[in-house]
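User: I would like to go through this model and ask what stands behind each label. Please set the values against the cut-offs.

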Protein chains: 2
Amino acid sequence: MALVGVESDLLGDGLKRVQGEIDSVFDAFLPVPDDTRARLVKAMRYAAIGGGKRVRPLLLVSTAELFGVDRTAALRAGAAVEAIHVYSLIHDDLPCMDDDDLRHGKATVHKTFDEATAVLAGDSLHALAFEILADTGTSSDPFVRSELIATLGTASGMNGMAGGQMMDMVADDEGIEYDLHSITKLQQLKTGALLAASVEMGAILGKIPHEGRAHLRAYSRDIGLAFQIADDLLDVTGDQEKAGKALRKDEEQGKQTFVTLMGVDQARDQASALVEQAVAHLGSYGDEANLLRALARFIVERDR
Amino acid sequence: MALVGVESDLLGDGLKRVQGEIDSVFDAFLPVPDDTRARLVKAMRYAAIGGGKRVRPLLLVSTAELFGVDRTAALRAGAAVEAIHVYSLIHDDLPCMDDDDLRHGKATVHKTFDEATAVLAGDSLHALAFEILADTGTSSDPFVRSELIATLGTASGMNGMAGGQMMDMVADDEGIEYDLHSITKLQQLKTGALLAASVEMGAILGKIPHEGRAHLRAYSRDIGLAFQIADDLLDVTGDQEKAGKALRKDEEQGKQTFVTLMGVDQARDQASALVEQAVAHLGSYGDEANLLRALARFIVERDR
């Protein structure tokens, strides 16, 4: 199931292309103002431009492409999801949260600027995500805009990403050892919700009705879980330099993860099985879904 | 121009009623989950329920009432604006920002819970605001929902509240002494944008076209500035117990404010003149705008 040949090229090209495009969207939305807000916007640009794999935007754009959605619209929606992802990383890295110094191979925002600027830059990227989605340039259809916003709002708030982070934090603080069921729920909220929202938003742009998104939803549920298992594996077996962030943190903190609960080998098998299952959910699509298939495989094979 | 008799009753009743109603909306949107996210939702409830004057929701609801908008819809939109206001207070009070221990007469969120929970609770209230606005229960018209979101997103982000906070912070850090022009811009962003958005959102719910909102916009620009001048006056002359938060902070920090730039008397005159001007902008409305008139007066006469 390894990524080889054509599929690898497809993915490499796809990621590279979307990385440049997402940088351009952020660049356009973040002109540095000619007043003392400049520090804020510079911090936002520092965090948002030129870093990250852009897995979420690529998921969104590749799903939208299945339905012939205009690429500019899909990229704007992709930038909105990425803005949420980036804001969450900035806040996660804060001293009162994970206290990380390194992100995407460079100093974290609070290290390069300061803590208060990091809080505000995160908050402003959070608002920017919804500004982008509410803009008529993203979709001329107000129903689509509103559905995109509802999807992203739920995926990022207390019933999504932020809720998952809290479950994670409480376990650390109170030494709770979650079982596999709770870890799965935690990760589905913390990581899965935003990955699933990316796919969902691609389908919303394609005006696919709710009931027509079931296969795609099954695909994204599986890759979400596989993504987190791969992250846990990376923390144990990865190369810190390639990853561009601190590793071996789970073990140091004595944290329950998929790997501590299942062991390295079983976790790896489980991630592979989930990816195959995810790919199977795309059975009704032809070659146009090859990028989504390649992305699923990349998710477990990545080294960062 | 003091609030007397009928107008005072109207305002008192209006505030009291909306306070209860906004608490109910938050209560309904924030059920405490039966898992370890409970800490997060408890912190959100602690910050959002039972505190604050609810000036922004009352502005929104009173504007919406001019146009016969269903009260339930207006209250939901009001809760969304208030969620943004509350999130900004939580983050503002953090040790790395203003480091405040007291808010609305009780311990701040990071004091009662912890810093990480305060960051996440703020983030989750931020997301909740957009979730509420994107919900079909707030408006069945997707165009209205999308316009509400665009308005609130802009008012809260780098070109609104967060931008104003950054201008404020940079002045503190770098000892910049803003002139009256810059202070006015700073305050229009930091405080004015969200107050103006409250009025604007009431008109959006009333389906008043953009060009039909000019008088209301002039009204909210004036009360926004008056509000901040009153805040600066309160910091100098107010009673800390009534205010329920730390006062005399501007002076301690050697900060430029409307009061340091104009003096107490001139600042007071200026605030009164702005309020009269704001009230004059409502000239085309009859008694149905009395609550907006009373609110304008309250803004400069409040003691907290």
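Predicted model: local features only at pLDDT ≥ 70, side-chain atom pairs only at ≥ 80, totals over all residues.

User: Why is the pair Asp35(A) and Lys185(B) called a salt bridge?

Analyst: The cut-off is a Lys or Arg side-chain nitrogen within 4 Å of a carboxyl oxygen of Asp or Glu. Between Asp35(A) and Lys185(B) the N to O distance is 2.7 Å, so the pair meets the rule. This pair crosses between chains, from the loop between helices H1 and H2 of chain A to helix H9 of chain B.

User: What makes Lys190(A) and Asp168(A) a salt bridge, and where do the two residues lie?

Analyst: Their closest N and O atoms are 2.5 Å apart, and the limit is 4 Å, so the label holds. The pair links distant parts of the chain, with Lys190(A) in helix H9 and Asp168(A) in helix H8 of chain A, 22 residues apart. Lys190(A), at 24% relative accessibility, is partly exposed, while Asp168(A), at 10%, is buried.

User: Which residues does Arg39(B) pair with?

Analyst: Arg39(B) forms a salt bridge with Asp114(B) at 2.7 Å, N to O. Arg39(B) sits in helix H2 of chain B and Asp114(B) in the loop between H5 and H6 of chain B, 75 residues apart. Arg39(B) has 15% relative accessibility and so counts as buried, whereas Asp114(B), at 24%, is partly exposed. Arg39(B) also meets Asp173(A) in a salt bridge, at 3.2 Å.

User: Why is H2(B) called mostly covered?

Analyst: Eight of the eleven residues of H2(B) are buried, among them Arg39(B), Leu40(B), Val41(B) and Met44(B). The cover includes helix H8 of chain A, together with H1, H4, H5 and H6 of chain B. Just after H2(B), Gly50(B) takes a positive phi of about 80°.

User: How do you know how much area is buried between chain B and chain A, and what gives it?

Analyst: The figure is the accessible area that the two parts lose on being put together, summed over both. For chain B and chain A this is about 4300 Å², with 67% from carbon and sulfur atoms. Thr36(B), Arg37(B) and Met158(B) lose the most area in chain B, together 17% of what that side buries. The contact takes 53 residues from chain B and 53 residues from chain A.

User: Which polar links cross the interface of chain B and chain A?

Analyst: The rule finds six salt bridges there, and 15 residue pairs in polar contact. On the side of chain B that touches chain A, H6(B) gives the most, with 13 residues. By class, that side has 29 nonpolar, 13 polar and eleven charged residues.

User: What makes chain A agree with a compact globule?

Analyst: A compact globule of 304 residues would have a radius of gyration near 19 Å; chain A has 18 Å, so the value agrees. Of the residues of chain A, 61% count as buried.

Notes
Residues numbered from 1 in each chain as written. Chains lettered and ligands numbered in written order. Heavy atoms only, no water. Contact = heavy atoms within 4.5 Å. Buried area = accessible area lost by both parts, 1.4 Å probe. Polar contact = N/O pair within 3.5 Å; in protein donor to acceptor, adjacent residues only side chain to side chain. Helix = DSSP H or I, 4+ residues; strand = E, 2+ residues; numbered from the N terminus. Nonpolar A, V, L, I, M, F, W, Y, C, P; charged D, E, K, R; others polar. Rg over C-alpha atoms; globule rule 2.2 N^0.38 Å. Buried < 20%, exposed > 50% of the residue type's maximum accessible area, 1.4 Å probe, protein only.
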